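I set out to record, entry by entry, what I looked up in this structure.

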Amino acid sequence: MTDDFFARLPKAELHLHIEGTLEPEMMVALAARNRVSIPFRSVEQVRAAYRFTDLQSFLDIYYAGADVLRTEDDFHDLALAYFDRAAADGVVHAEIFFDPQTHIHRGIPMQVVIEGLFAAIDTARERHGMTVELILSYLRHLDEEDAFATLKAAEPWLDRIIGVGLDSSEVGHPPAKFARVFAASRERGLKLCAHAGEEGPPAYIHEALDVLRVDRIDHGNRALEDPALVARLAREAMTLTVCPLSNVALRNVARIEDHPIDRMLDRGLRATVHSDDPAYFGGYIAENFRAVAQARGLSREQVVTLARNSFLSAFLSDEALAGHL
Ligand code: HPA
Ligand code: ZN
């Protein structure tokens, strides 16, 4: 399989944090445009800081980087640059996370964030024929009351938001902490996702299923430690949105050669491959496919299954799904 094969293979991106597509070049440019000081003098210095030891060491830099995002144009430019890259990578449909609390807590109103993203989404449709949905992700290191305030702040746009997610520091912030706001989100017709089992234990995946009643699990790698959980996930055809380069960058997997993606498929799990925070982890979705396929010696059939699973796992209408399969 050539590099071109991975880039041409049509796929849906289901696990991507738009703030995680902020490339060092854009970070430096937006810092200058908005007269924001960042602790780096050059693009090289920014890149040199991207040596992570765990999730938190990444999140500290990721939240600091997001501080350069100030205006509707900034969110538009960030997202459009991502959609252009994604189109070149064979992405025909994307369901992207955004973290409103990261911005609201810096004094950037929800409207600035959302309107900037929507404007880029409209251009992506016209320019690439790409369909894009937004997933509002709650920050789990903050309390549930703050998540409720975020849901309320998003009220005017909820008819154009497909779902909610749960991200940020996992250990010590179990899914059950957000039981009520997920129930409220479901009542508003939103789909539900949660990061679980990235660094947290298999018990967090059980909670995401039983307490939050999620439609998709983001990451989910640690399910493999619990055979009964694996059997249940397989039986329920529950999607795990797996991010190989992220797993290696955050040291959840020692080396890409050790990645469990094929073990997941062999155990009947509905795994998909995505890019998480590609500007920080060294590659967009086609590179995640290529790297893990090459390192694990995946067959063409396995790669096609991963891409097909991305459409089966997307929040698409039956009609739209049929158009992609
Ligand atoms: N895990 C948890 N929270 C995140 C991540 C991640 O990989 N990326 C951005 N927020
Ligand atoms: Zn993620």
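This is a predicted model: local features need pLDDT of at least 70, side-chain atom pairs count only at pLDDT 80 or more; totals for chains, interfaces and linings use all residues.

The entries below go from the sheet to the core, then to single residues and the ligand.

Entry 1: I looked up the strand order and found an open sheet of 8 strands, arranged S1-S2-S3-S4-S5-S6-S7-S8 with parallel pairing. I then asked which strands form the edges, and recorded strand S1 (11-13) and strand S8 (270-273), each of which pairs on one side only. On average, neighbouring strands of this sheet are turned by 25° against each other, with direction ignored.

**Entry 2: pairings within the sheet.** I went through several of the strand pairs.
- Strand S2 (residues 91-98) runs parallel to strand S3 (residues 131-139), and 6 bridges join them. Ile 96 stands opposite Leu 134 in S3.
- S3 and S4 also run parallel, joined by 5 bridges. Here I found Ser 137 opposite Gly 165 in S4.
- Strand S7 (residues 239-242) pairs with S8 in the parallel sense over 4 bridges. Val 242 has Val 273 in S8 as its bridge partner.

Entry 3: I checked how far strand S4 (residues 163-167) is covered, and 5 of its 5 residues are buried. Gly 163, Gly 165 and Asp 167 point one way from S4, while Val 164 and Leu 166 point the other way.

**Entry 4: the nonpolar core.** The largest nonpolar core has 92 residues, and I listed Ile 18, Ile 96, Leu 117 and Ala 194 as those touching the most other members. I followed up Ala 194, whose contacts beyond four places in sequence are Gly 165, Leu 166, Pro 175, Ala 208, Leu 212, Val 214, Ile 217 and Asp 218.

**Entry 5: helix H10.** I recorded Pro 202, Tyr 204, Ile 205, Glu 207, Ala 208 and Leu 212 as buried in helix H10 (residues 202-212). The cover over the buried residues of H10 includes helix H9 (179-187), S5, strand S6 (216-219) and helix H11 (227-235). Just after H10, Arg 213 takes a positive phi of about 60°.

**Entry 6: Glu 13.** I located Glu 13 in strand S1. Is Glu 13 buried or exposed? Glu 13 counts as buried because 29 other C-beta atoms lie within 10 Å. Not counting residues up to four places away in sequence, Glu 13 touches Ala 86, Val 91, Ala 94, His 274, Ser 275 and Ile 285. I also noted a C-alpha separation of 9.3 Å between Glu 13 and Thr 241, which are 228 residues apart along the chain.

**Entry 7: Asp 54.** I found Asp 54 in the loop between helix H3 (43-48) and helix H4 (55-65). Asp 54 is partly exposed because 13 other C-beta atoms lie within 10 Å. Leaving aside neighbours within four places in sequence, Asp 54 is in contact with Glu 199, Leu 250 and Arg 251. The C-alpha atoms of Asp 54 and Leu 250 are 4.7 Å apart, although the two residues are 196 apart in sequence.

Entry 8: I placed His 195 in strand S5 (residues 191-196). His 195 is buried because 26 other C-beta atoms lie within 10 Å. Beyond four places in sequence, His 195 touches Leu 166, Asp 167, Glu 170, Asp 218 and His 219.

I then asked which residues surround ligand 1. I listed His 17, Gly 20, Leu 55, Tyr 62, Asp 167, Ser 168, His 195, Glu 198, Ser 246, Asp 276 and Asp 277. By class, the shell around ligand 1 divides into 2 nonpolar, 5 polar and 4 charged residues.

How values were computed:
Residues are numbered from 1 along each chain as its sequence is written. Chains are lettered from A and ligands numbered from 1 in the order in which they are written. A residue is near a molecule or strand if its C-beta atom, placed from the backbone, lies within 6 Å of it. Ala, Val, Leu, Ile, Met, Phe, Trp, Tyr, Cys and Pro count as nonpolar, Asp, Glu, Lys and Arg as charged, and the others, Gly among them, as polar. Two strands pair if DSSP finds at least two bridges between them. Helices (H or I, at least four residues) and strands (E, at least two) are DSSP runs, numbered from the N terminus. Axes are lines fitted to C-alpha atoms, for helices over the stretch in contact, and angles run from 0 to 180 degrees between N-to-C directions. A nonpolar core is a set of buried Ala, Val, Leu, Ile, Met, Phe, Trp, Tyr and Cys residues joined through C-beta atoms within 7 Å. A residue is buried if 20 or more other C-beta atoms lie within 10 Å of its own, exposed if 12 or fewer, and partly exposed in between; C-beta atoms are placed from the backbone. Two residues are in contact if their C-beta atoms, placed from the backbone, lie within 7 Å.
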